[in-house]
Amino acid sequence: MMKTMRAAQLTEPGKPLQLVEVPVPKPKRGEVLLKVKAAGICSSDLHYQDGRSKVTRLPITLGHEVAGEIVECGEAVKGLAVGDRVSLFYLVTCGECMSCCTGNDNYCNEAEMLGKNIDGGFAEYLTIPARNAFPFPNSIPFSQAALFTDAVATPFHALSRAKVKTGDSVLIIGIGGLGLHAVQIAKIMGAGQVIAMDLDQDKLDLAQKVGATAVVNPGHENPVEKVASLTGGGADVTAELIGLPVTVRQAIDCTAIGGRTVIVGICPEDVVINPYHDLLLSERTLLGSADQSRADFPVIIELAARNRLDMSYSVTRELPLDEVNRGLEMLRKKEENIVRLVVTFP
Ligand SMILES: [Zn+2]
Ligand SMILES: [Zn+2]
């Protein structure tokens with residue numbers, strides 16, 4: 001085993017990540033040492049880099065969407081072995097509080113996020129509690145498995161919270177890394193119509209390739225009127241994945257009487273809601289959905305392993321660790337039609 005490894009660390013907000021040589025961590029009791037094989041580059045990484053979202057210590061190795069191979073197990077690790085290919089749930093939780101014990105581990109007060117509060121996957125190795133590592137079969141490439149934790153599990157969690165049922169019309173606002181999977185998950189959950197909304201026509205074309213039955217481009221048409229005409233009044237479920245006041249407002253306005261609006265995009269600004277018209281008269285339900293829970297993982301791995309999820313469009317490009325800063329800049333400038341860029345390791 002090597003004693004040191006390369007890692008891309010945030011040392012100061014506003015600066016490119018620094019490629020440094022650091023010691024390979026040792027797995028503690030209950031932890032595994034992972035040889036990282038793939039780590040997704042997410043818009044959240046831009047927020048950490050810019051200081052818009054605060055990391056809790058510096059320097060820190062970013063990268064929260066990770067898959068790899070177990071190379072060492074600490075004491076008391078059960079059910080996992082050296083050589084296992086695993087995808088990581090990115091919240092390291094206490095495992096004991098009431099939230100953790102009731103399946104709501106995404107609200108654990110002690111949760112620490114991989115690549116934000118603890119060193120993540122833009123490095124050759126990392127250590128993680130064994131309970132965060134979920135094995136997946138050889139048929140799934142590491143670069144796709146890396147995306148389960150956020151790009152797939154986050155919309156899965158949101159649409160589960162919104163209780164999509166057979167025949168529902170579902171509107172997905174924002175067809176990025178999460179939205180492309182949200183379209184497919186809505187179909188798997190039994191949606192009749194799945195409508196994709198985005199300003200980017202390339203993204204809408206991609207949404208249709210993975211099963212969207214209709215697309216709406218607010219740059220060319222009134223989105224509320226278009227959705228109303230497609231659905232006969234509004235979508236039964238609307239998922240907002242962008243996080244702008246205008247799209248949050250559209251999400252509510254596009255939702256049917258008695259329908260559910262679920263907010264997933266990070267929108268720190270206020271949005272005006274009229275409780276009488278928006279909620280009372282229409283009996284709409286307005287929901288939030290944060291991250292995902294461990295319980296979502298086995299379902300997602302099953303869907304990917306059975307080819308129910310088409311992830312062939314999910315990885316736009318693979319980059320070596322040396323080019324992580326180029327990847328971040330490509331994402332920032334929205335170069336190409338990026339779903340996800342993934343750092344991969346030999
Ligand atoms: Zn992410
Ligand atoms: Zn907890």
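The structure examined here is a predicted model.

**Exercise 1.** Identify the bridge partner of I173 in β12, and state the sense in which β11 and β12 pair.

Solution. Begin with the two strands: β11 covers residues 170-173 and β12 covers residues 194-197. They pair in the parallel sense, over 4 bridges. Within this pairing, I173 has M197 of β12 as its bridge partner.

**Exercise 2.** Determine the order of the strands in the sheet and name its edge strands.

Solution. The open sheet consists of 6 strands, with parallel pairing, in the order β13-β12-β11-β14-β15-β16. Its edge strands, β13 (214-216) and β16 (285-288), each pair on one side only. From one strand to the next, the twist averages 20°.

Next, consider the helices on the sheet. Helix α7 (residues 223-231) packs on it and touches β11, β12, β13, β14 and β15; the direction of α7 makes about 165° with that of β13. Helix α8 (residues 245-253) also packs on the sheet, where it touches β11, β14, β15 and β16. The direction of α8 makes about 150° with that of β15.

**Exercise 3.** Describe how helices α4 and α10 are placed relative to each other, and list the residues in their contact.

Solution. First, the axes of α4 (residues 148-161) and α10 (residues 296-305) come within 10 Å and cross at roughly 105°. Angles of 65 to 115 degrees count as roughly perpendicular, and α4 and α10 are therefore roughly perpendicular to each other.

Second, α4 contributes F148, V152, A153, F156 and H157 to the contact, while α10 contributes D296, F297, V299, I300 and I301. Finally, these residues divide into 8 nonpolar, 1 polar and 1 charged.

Technical notes: Residues are numbered from 1 along each chain as its sequence is written. Chains are lettered from A and ligands numbered from 1 in the order in which they are written. This is a predicted model: local features need pLDDT of at least 70, side-chain atom pairs count only at pLDDT 80 or more; totals for chains, interfaces and linings use all residues. Two strands pair if DSSP finds at least two bridges between them. Axes are lines fitted to C-alpha atoms, for helices over the stretch in contact, and angles run from 0 to 180 degrees between N-to-C directions. Two residues are in contact if their C-beta atoms, placed from the backbone, lie within 7 Å. Angles under 35 degrees count as roughly parallel, over 145 as roughly antiparallel, 65 to 115 as roughly perpendicular and the rest as oblique. Ala, Val, Leu, Ile, Met, Phe, Trp, Tyr, Cys and Pro count as nonpolar, Asp, Glu, Lys and Arg as charged, and the others, Gly among them, as polar.
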